[in-house]
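This report describes one protein chain from its coordinates.

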Amino acid sequence: MRKKIFLALFILPLTGIFIVNCNNEQSAKINDADQDSVQNSIARGDYLVNNVAACFDCHGKRDFRFFAGPIVEGSEGMGGAVLDHKLTAAIPGTLYGKNITPDSATGIGTWTDEEIMRALTQGINKNGDTLFPLMPYPLYNNLPRQDILDIIAYIKTLRPINNAVPERSLMIPISMAYPPNLHKNFDQNKRPDEKDKVKYGEYILSIADCINCHTPRNEKGEMGDVFSGGLKFTTPAFTVFSANITPDSLTGIGAWTEQMFLDKFKTYREKDGYQFDPGKKNSIMPWTIFSKMNDDDLKAIYAYLRTLKPVKNKVEKWPVEIAAR
């Protein structure tokens, strides 16, 4: 009897230690998995923000002393870019890229994930104000929830920058610009299978918001033939028209092979490709950002563009200046 009692007293503590150790190991594995999930989300958000959505195109500073205005290092997320009707007639007033760094005073440091998600997908900020749809929330409204969460996860890792940005000044009521039929059920949004190049290319193209620059607009701001180019951009240093990227063989990219399309972007992956002063022949297109997309995503974009209706629209990208008489 004493032996049984001794064995029980000896074995039970060991069993407890074994169970505790197993629980600790299991918890450690769960924590490691959670940490991996967070890091994967941030990495995906990094790729989308920096290479596809080109967020710092508006929410940072660009240096147009060089071709395509590469982002000034250290300005990521601080905002302040002036976007107005002088730049393009598609903007009815003056807008400023907002500070989206986690700065609590001038950025989004006090915003919750839900508030950031609402701004990204519904165009409604923390204070309940409506954002002008130059911020492409109508397109982001169709993104899978995880894409939005990944973008938010990455943005929250940015270095906080104290930079107060002026308020916008519009020439029309914001209600005239707010798009209809935005939904809130993101679970219905699915990320296309990468094997379906056309569908996946359409998805990537929507994140990059190519449609708004490569589509002409009339004086009322109404869109013409999508992706047919011809939208005018005027800066103090140069004037440029967006290119026709429909598959028209004469005026678009119909004669381009997939490799030619890919090589056009690869040119700007290294600094040697854009660290030069092009003078009047600069580009508003953020080549240095989009060039960092991976090859498969660029090939998917090409595959989708090939399915568009060819539109004959010859665009002179840089207008010839007429000498003063």
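## Cores and overall make-up

Leaving out residues up to four places away in sequence, M293 touches Y47, N51, V52, I204, R269, L298 and I301. M293 is also one of the residues with the most contacts inside the largest nonpolar core, together with V52, I207, F290 and L305. That core has 54 residues. At least two of its residues come from each of α1, α2 (113-122), α4, α6 (197-208), α8 (258-266), α9 (287-290) and α10 (295-305).

The model is predicted. Its chain has 325 residues, of which 42% are buried. Ten helices and five strands make up the secondary structure. Of the contacts between residues at least 6 apart in sequence, 63% join residues at least 24 apart. The accessible surface is about 18,600 Å², and carbon and sulfur atoms account for 56% of that area.

## Helix α2

How many of the ten residues of α2 are buried? The number is seven, so this helix is largely enclosed by the rest of the structure. The buried positions are E115, I116, M117, A119, L120, T121 and Q122. They pack against α3 (137-140) and α4. After α2 comes G123, with a positive phi near 75°.

F67 is located in the loop between α1 (2-52) and β1 (82-84). F67 counts as buried because its relative accessibility is 8%, and the cut-off for burial is under 20%. In sequence, F67 and F276 are 209 residues apart, yet their C-alpha atoms are 6.1 Å apart in space. Beyond its neighbours within four places in sequence, F67 is in contact with Y268, Y274, F276, P278, K281, N282, S283, W287 and T288.

N163 belongs to the loop between α4 (145-155) and β3 (169-170). Its side chain reaches the backbone oxygen of M78 at 2.9 Å. With neighbours within four places in sequence set aside, the contacts of N163 are M78, G79, G80, N99 and T106.

Most residues other than glycine have a negative phi. D209 sits in the loop between α6 and α7 (210-213), while F227 is in the loop between α7 and β4 (232-234). D209 is buried at 14% relative accessibility, and F227 is buried at 5%.

## Cysteines

The structure holds zero disulfides. C55 is in none, and the nearest cysteine sulfur, in C58, is 9.0 Å away. For C210, the closest cysteine sulfur is that of C213 at 8.2 Å, which is too far for a bond. A disulfide would need the two sulfur atoms within 2.5 Å. C55 counts as buried, and C210 is likewise classed as buried.

| Residue | Relative accessibility |
|---|---|
| C55 | 14% |
| F67 | 8% |
| D209 | 14% |
| C210 | 14% |
| F227 | 5% |

## The three-stranded sheet

Strands of a sheet pair through backbone hydrogen bonds, either parallel or antiparallel. Which arrangement do the three strands of the open sheet have? Their order is β1-β2-β3, and the pairing is antiparallel. β1 and β3 stand at the edges and have a single partner strand each, so one side of each lacks a neighbour in the sheet. Three bridges connect β1 with β2 (residues 93-96), and these two strands run antiparallel. Within this pairing, V82 has Y96 of β2 as its bridge partner.

Note on methods. Residues are numbered from 1 along each chain as its sequence is written. This is a predicted model: local features need pLDDT of at least 70, side-chain atom pairs count only at pLDDT 80 or more; totals for chains, interfaces and linings use all residues. Side-chain values use heavy atoms; hydrogens and water are left out. Helices (H or I, at least four residues) and strands (E, at least two) are DSSP runs, numbered from the N terminus. Buried means under 20% relative accessible area, exposed over 50%, partly exposed in between (1.4 Å probe, protein chains only). Contact means heavy atoms within 4.5 Å. Accessible areas come from the Shrake-Rupley method with a 1.4 Å probe; for residues, only the protein chains shown count as cover. A polar contact is a pair of N or O atoms within 3.5 Å; within protein, one must be able to donate a hydrogen and the other to accept it, and residues adjacent in sequence count only if both atoms are side-chain atoms. A nonpolar core is a set of buried Ala, Val, Leu, Ile, Met, Phe, Trp, Tyr and Cys residues joined through side-chain atoms within 4.5 Å. Two strands pair if DSSP finds at least two bridges between them.
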